[in-house]
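Subject: Structure for your files

Dear colleague,

Here is the structure I said I would pass on. My notes on it follow below.

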Amino acid sequence: MNVASVGRPVGCLKAALRRTRFQRSFQRNSSSAASVRPQFQDKFNNAFSAEQRADVAKVNKFQIYPRVPSIRSTHPDPMPALLEKQIAKLDPTGARTRLFSKEHADSAKVGDVLMVTTKGGEPFSGAFLQIRRRGQDTAIQLRGQMMKVGVEMWFKVYSPTVTGIDIIWRRPKRARRARLTYMRKPKHDMGSVDQLVFAWKKERYTLRSRAKQTGQTGKQAGKKNVRLLGQQKK
């Protein structure tokens, strides 16, 4: 004999009776609530004094302004705009941004030799090991040599104390890694870069001297032309 087939109608009957009882109790509560509510309302009103009720009436007369819309509705993520403003303030010309930009062709690459000039202290030159991109806190790590001892230093790209960053020497081939930490080993250590810095300064000095000479010759030629014109007028 199947017990489930016999017990199922009885269970449905019990559920129907339970629902009818619940509906009757709900109707009784709703009908009695109308008669009981005024009594509680009087007790509630008597709980406050006349001054308190007058204060409540004054507050109800105040004009309620709508809520100010959140900035997230117009700017879901305001941090990129804030970072751009800070970078524009620290780097008005955009030279530092172009120097370490991924899209710029002439930007500094990992493996190049850079020289950083600061306000207080001598310039530091070394191999460009890695870059840490953190918006206005972007920093570069250089590895140089002082007193025949390897030295690594971090420099903030947009720091006001950094007055200049120059590319001394470019790596012939592109490095296959983003971080050249293997250059710390004696086998791959670049060593001192003083010779590269000296050659770069010498080349820069010759270019400046040539530019000055061409500028002076141009000025002298201009003065001669002015003299000739003056003589012709006379």
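Along the sequence, the elements come in the order α-α-α-α-α-β-β-β-β-β-α, which amounts to 6 helices and 5 strands. Helices (H or I, at least four residues) and strands (E, at least two) are DSSP runs, numbered from the N terminus. This is a predicted model, in which local features need pLDDT of at least 70 and side-chain atom pairs count only at pLDDT 80 or more, while totals for chains, interfaces and linings use all residues. Residues are numbered from 1 along each chain as its sequence is written, and side-chain values use heavy atoms, with hydrogens and water left out.

Overall figures

The chain has 234 residues, and 20% of them are buried. Here buried means under 20% relative accessible area, exposed means over 50%, and partly exposed is in between (1.4 Å probe, protein chains only). The accessible surface of the chain is about 19600 Å², with 56% of it belonging to carbon and sulfur atoms; areas come from the Shrake-Rupley method with a 1.4 Å probe, and for residues only the protein chains shown count as cover. Of the contacts (heavy atoms within 4.5 Å) with a separation of 6 or more, 54% are between residues 24 or more positions apart.

Salt bridges

The structure holds 4 salt bridges, a salt bridge being a side-chain nitrogen of Lys or Arg within 4 Å of a carboxyl oxygen of Asp or Glu. Arg143, Glu152, Arg184 and Asp189 are joined in a network of them.

Arg143 pairs with Glu152, with 3.0 Å between the closest N and O atoms. Arg143 is buried, at 13% relative accessibility, whereas Glu152 is partly exposed at 29%. Arg143 also forms a salt bridge with Asp189, where the closest N and O atoms are 3.5 Å apart. Arg143 lies in strand 3 (residues 139-146) and Asp189 in the loop between strand 5 (162-169) and helix 6 (194-233), so this pair ties together parts 46 residues apart in sequence. Asp189 is partly exposed, with a relative accessible area of 32%.

Glu152 has a salt bridge with Arg184 as well, at 2.8 Å between the closest N and O atoms. This pair links distant parts of the chain, 32 residues apart: Arg184 is in the loop between strand 5 and helix 6, and Glu152 is in strand 4 (residues 149-156). Arg184 is partly exposed, at 41% relative accessible area.

Surface patches

Patches are made of residues with over 30% relative accessible area and no salt bridge; like charges are joined within 9 Å, and nonpolar side chains (Val, Leu, Ile, Met, Phe, Trp, Tyr) within 5 Å. Lys and Arg count as positive and Asp and Glu as negative, with His and the chain ends not counted. The place of a charge is NZ of Lys, CZ of Arg, CG of Asp or CD of Glu.

Arg132, Arg134, Lys156 and Arg179 form a positive patch. Arg134 sits in the loop between strand 2 (124-132) and strand 3 and is exposed, at 52% relative accessible area.

Met146, Met147 and Val149 make a nonpolar patch of about 360 Å². Met146 belongs to strand 3 and is partly exposed, at 43% relative accessibility.

Regards
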